[in-house]
Amino acid sequence: MEITLIFWLVPSLIMFCCGVYGFITRRNMIAMLISLELMLNSVDINFALFNRYLFPGQMEGMFFSLFAIALAAAETALAIAIILNIFRKVKNVDVQGLDTMKF
Amino acid sequence: MNSVGSIILYAIVTLVMVVCSVLTVTTRKILRAATYLLFTLFGAAVLYFMLGYEFLGGVQIAVYAGGIVVLFVFAILLTGKPADNAERLTAKSTFLGVFAALAMLGVGAWALCSRVTRMLTGAAMPEKAQETVDQIGEQLLSSGHGGYLLPFEAISVLLLACIIGGVVIARKR
């Protein structure tokens, strides 16, 4: 049995769909952020896979994954700072409870 | 032809990634969601090692597993009681979530199926020369053809902005 490209793409697709489901159903902002990380990670996997299987002589996909990981880290750090700030003001991180824009 | 060992490793990695990512979005305790996310990210790191991208796998473990998940755990512990269950989902939000996920799955599966013959017969992983960290650094900092100097500098400015922004936003007033 050969492990071809599609054998890796299917788990990555399932991972992305889990992220979509979690992003829509979760109320807690941190849980939504975790779902977002799942989606970002599955896209990183796809970049590396297409690079490795279709263009093995180049490194473009790997660099895209590297930059995507750096962006994900930056985005998570800022988002968590904002969430902590909101928590200090309203003692709540549920998106349903956040309906005022000015405190 | 893949060796039996790599097929077994493939099965384990795929199983861990799929099961843990499903559990990440379905478990009702948020600290458990973060732990399952950690295992999913470890699965992805093993995948990178299997593909031969050792540097990328190392970055994945160091930044995602070592940085982001720890940040999540700190944030969870700071913003509430991690032992509490999340409230049960209403039928409407479950339906919306399942519908969106299935729509995404349908689009992705259709895209995969339209190329399935090419991907199945497209043969195994091609051989490639092992790139060294030397080569990676060379290409990352070159300004010539296929060089990544400009994105590298841009992302360093972005990270600086992110550090300053994080400090300014999260500080106590």
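Reader: Where is the place of B:S142 in chain B?

Author: In this predicted model, B:S142 sits in the loop between α6 and α7 of chain B.

Reader: Why does B:S142 count as partly exposed?

Author: B:S142 has 13 C-beta neighbours inside 10 Å. Exposed requires 12 or fewer and buried requires 20 or more, so B:S142 falls in between and counts as partly exposed.

Reader: What is B:S142 in contact with, leaving aside its neighbours within four places in sequence?

Author: With those neighbours left aside, B:S142 is in contact with B:G147 and B:L149. As for B:L47, 95 residues away along the chain, its C-alpha atom is separated from that of B:S142 by 28 Å.

Reader: What makes B:I12 count as exposed?

Author: B:I12, which lies in helix α1 of chain B, has 12 C-beta neighbours inside 10 Å. The cut-off for exposed is 12 or fewer, therefore B:I12 counts as exposed.

Reader: How do you know whether A:L54 is buried or exposed?

Author: The count for A:L54, a residue of helix α2 of chain A, is 12 C-beta neighbours inside 10 Å. Since 12 or fewer means exposed, A:L54 is exposed.

Reader: Is A:F16 buried or exposed, and what makes it so?

Author: A:F16, in helix α1 of chain A, has 23 other C-beta atoms within 10 Å. Buried requires 20 or more, so A:F16 is buried. Leaving aside neighbours within four places in sequence, A:F16 is in contact with A:M39, A:S42 and B:M104. A:F16 and A:L40 are 24 residues apart in sequence and 8.0 Å apart in space, C-alpha to C-alpha.

Reader: Which residues touch the most other members of the largest nonpolar core?

Author: That core has 63 residues, and A:I30, A:I34, B:A34 and B:L37 touch the most other members. Two or more residues each come from α1, α2 and α3 of chain A and from α1, α2 and α3 of chain B. α2(B) supplies the largest share, 13 residues. Beyond its neighbours within four places in sequence, B:L37 is in contact with A:I34, A:E37, A:L38, B:T24 and B:V69.

Reader: Why are α2(B) and α3(B) called roughly antiparallel?

Author: Their axes come within 8 Å and cross at roughly 175 degrees. An angle over 145 degrees counts as roughly antiparallel, so α2(B) is roughly antiparallel to α3(B). The residues of their contact divide into 19 nonpolar, 2 polar and 1 charged.

Reader: How do you know that α2(A) and α3(B) are roughly antiparallel?

Author: The axes of α2(A) and α3(B) cross at roughly 175 degrees and come within 12 Å. With the limit at 145 degrees, α2(A) and α3(B) are therefore roughly antiparallel. On α2(A) the contact is made by A:I30, A:I34, A:E37 and A:A48, and on α3(B) by B:L56, B:I68, B:F72, B:A75 and B:I76. These residues divide into 8 nonpolar, no polar and 1 charged.

Reader: What makes α3(A) roughly parallel to α7(B)?

Author: Helix α3 of chain A and helix α7 of chain B pack at an angle of about 10 degrees, with their axes 9 Å apart. Angles under 35 degrees count as roughly parallel, so α3(A) is roughly parallel to α7(B). The crossing of α3(A) past α7(B) is left-handed. Among the residues making the contact are A:F67 and A:L78 of α3(A) and B:I155 and B:C162 of α7(B). The residues of this contact divide into 15 nonpolar, 3 polar and no charged.

Reader: How many residues does the contact take from chain B and from chain A?

Author: The contact takes 73 residues from chain B and 56 residues from chain A. On the side of chain B that touches chain A, α3(B) gives the most, with 12 residues. That side divides into 52 nonpolar, 19 polar and 2 charged residues.

Key. Residues are numbered from 1 along each chain as its sequence is written. Chains are lettered from A and ligands numbered from 1 in the order in which they are written. This is a predicted model: local features need pLDDT of at least 70, side-chain atom pairs count only at pLDDT 80 or more; totals for chains, interfaces and linings use all residues. Axes are lines fitted to C-alpha atoms, for helices over the stretch in contact, and angles run from 0 to 180 degrees between N-to-C directions. Helices (H or I, at least four residues) and strands (E, at least two) are DSSP runs, numbered from the N terminus. Angles under 35 degrees count as roughly parallel, over 145 as roughly antiparallel, 65 to 115 as roughly perpendicular and the rest as oblique. A crossing is left-handed if the near helix is turned anticlockwise from the far one by less than a right angle, and right-handed if clockwise. Two residues are in contact if their C-beta atoms, placed from the backbone, lie within 7 Å. Ala, Val, Leu, Ile, Met, Phe, Trp, Tyr, Cys and Pro count as nonpolar, Asp, Glu, Lys and Arg as charged, and the others, Gly among them, as polar. A nonpolar core is a set of buried Ala, Val, Leu, Ile, Met, Phe, Trp, Tyr and Cys residues joined through C-beta atoms within 7 Å.
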